[in-house]
Amino acid sequence: MCMSHQDSIALKLSLIDSEKKRFPMAAIYSLYIINKSGGLIFYKDYGSAGRMDTNDSLRVASLWHSMHVISQQLSPTTGCSGIELLEADTFDLHCFQSLTGTKFFVVCEPGTQHMESLLKDIYELYTDYVLKNPFYEMEMPIRCELFDINLSQAVQKDRVAMLGR
Amino acid sequence: MAPVGPRSGDAIFANVERVNAELFTLTYGATVRQLLTDLEEVEEVNKQLDQMGYNIGIRLIDEFLAKSNVTRCVDFRETAEVIAKVGFKMFLGVTATVSNWDADGTCCSIILEDNPLVDFVELPDTCQGLYYCNILSGVIRGALEMVSMKTEVTWIRDVLRGDDAYELQVKLLKQVPEEYPYKDDE
């Protein structure tokens, strides 16, 4: 099939429009980081949907930690590393667990793509700007300015990339 | 999304932020020198360097995992290879070789031909008991502990003490199972 250059641009633009209709606002609702013993060490929400107060976010974090462990034990396959994606009617939850046991998970709009790579990027940011911060104590809540700055940039970049897809 | 395969040590080394090698060497040298002044006892300095390395190792392992994309190693042999080929390359820019395996695969030697920590270094007679690079053994011990391997790391050969290479013996003491709860009945 042959397609002129203009056609392909028009097609791309219409795709972007339809994507915008499907994702009218922030696709990521919130981000959680849990340490290896299940404590919430970082929570941030984006946009109004799914916003939670401190107690609720702590509850979600410890609930998720336990469910993740239970899922590993219930799994019929050996060497299962726990739930990676939970799909609900109103949200998706993508989870990434590093080999050291720290869990990163995002709650986002159903059907949001490429969350695995975003989580991977966030893991890298965590190693660069949290673990290398000499004032950060391991397993404690994260209060690192550079991490916050770079994290919002990464999330912003992800949104722009998503609109362009 | 296609899964990303493990990256080679060279590829990572080319991409990470680096500092000037001489600045690094001299900073490390200054640190050791200061420890010798502060602690006076050479044995204490060895201990302190190991502890500093351990503290580095428990944080550094995450950076290693995040940037190298390595997945869980099947056995300790693979772990040692990954440390030598990817780990040393990524953080120090040199590669090491693994040899001298014992029969059950729990003890091996990591041999460094080239060691950027020791440029410009000579040990004076008063410091003969010093393991100048003891920080490295601490780093390996700390890093492996975070991925549930208890190890013991000791120096076998050290060029600063007149040997022909740097040889680190890594001995796997036990593998801590990761499953929760650690014991159902307790």
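**Reading the model**

Modeller: Let us begin with a single residue. In this predicted model, B:S148 is partly exposed, because 14 other C-beta atoms lie within 10 Å.

Biologist: How should I read a residue inside a helix, for example A:L125 in helix α3 of chain A? Is A:L125 buried or exposed?

Modeller: A:L125 has 20 other C-beta atoms within 10 Å, so A:L125 is buried. The helix that holds A:L125 covers residues 115–130 of chain A. Leaving aside residues up to four places away in sequence, A:L125 touches A:F147, A:N150, A:L151 and A:A154. For a distance, take A:V107, which is 18 residues from A:L125 along the chain: their C-alpha atoms are 19 Å apart.

Biologist: How does one check the length of a helix, and what does the check give for α3(B)?

Modeller: One compares an expected span with the distance between the end C-alpha atoms. The 27 residues of α3(B), at 1.5 Å a residue, should span 39 Å, and the end C-alpha atoms are 36 Å apart, which agrees. After α3(B) comes B:N69, with a positive phi near 60°.

Biologist: On which residue is the kink in helix α4 of chain B centred, and what follows that helix?

Modeller: The kink in α4(B), residues 76–92, is centred on B:I83 and amounts to about 35°. The helix is followed by B:G93, whose phi is positive, near 80°.

Biologist: Which residues of α4(B) are buried, and against which elements do they pack?

Modeller: Here one lists the buried residues and then looks for their partners. The buried residues of α4(B) include B:F76, B:T79, B:A80, B:I83, B:A84 and B:V86. B:G87, B:F88 and B:M90 are buried as well. The partners of these buried residues, within chain B, are the helices α1 (9–15), α3 and α5 (134–146), together with the strands β1 (96–99), β2 (107–112) and β4 (166–175).

Biologist: How does one describe a whole chain, and how many helices and strands has chain B?

Modeller: One counts the elements and reads their order. Chain B has 5 helices and 4 strands, in the order α-α-α-α-β-β-α-β-β. Its radius of gyration is 17 Å, close to the 16 Å that the globule rule gives for 186 residues, so chain B is as compact as a globular protein of that length. The C-alpha trace spans about 55 × 45 × 30 Å along its principal axes. Of the 186 residues in chain B, 31% are buried.

Biologist: What is the corresponding description of chain A?

Modeller: Chain A has 4 helices and 5 strands, and from the N terminus they run α-β-β-α-β-β-β-α-α. Buried residues account for 28% of its 165 residues.

Biologist: How many residues does each chain bring to the contact between them?

Modeller: Chain B brings 13 residues and chain A brings 12. On the side of chain B, the largest share, 8 residues, comes from helix α3 (residues 42–68). By class, that side of chain B has 8 nonpolar, no polar and 5 charged residues.

Biologist: What confidence values does the predictor give for the complex and for chain B?

Modeller: The complex receives an ipTM of 0.86 and a pTM of 0.85. For chain B the average pLDDT is 89, and 93% of the residues score at least 70.

Methods:
Residues are numbered from 1 along each chain as its sequence is written. Chains are lettered from A and ligands numbered from 1 in the order in which they are written. This is a predicted model: local features need pLDDT of at least 70, side-chain atom pairs count only at pLDDT 80 or more; totals for chains, interfaces and linings use all residues. Two residues are in contact if their C-beta atoms, placed from the backbone, lie within 7 Å. Helices (H or I, at least four residues) and strands (E, at least two) are DSSP runs, numbered from the N terminus. Ala, Val, Leu, Ile, Met, Phe, Trp, Tyr, Cys and Pro count as nonpolar, Asp, Glu, Lys and Arg as charged, and the others, Gly among them, as polar. The bend at a residue is the angle between axes fitted to the seven residues ending there and the seven starting there. A residue is buried if 20 or more other C-beta atoms lie within 10 Å of its own, exposed if 12 or fewer, and partly exposed in between; C-beta atoms are placed from the backbone. The radius of gyration is taken over C-alpha atoms; the globule rule is 2.2 Å times the number of residues to the power 0.38. The expected span of a helix is 1.5 Å times one less than its number of residues. pLDDT is the predictor's confidence in each residue, from 0 to 100.
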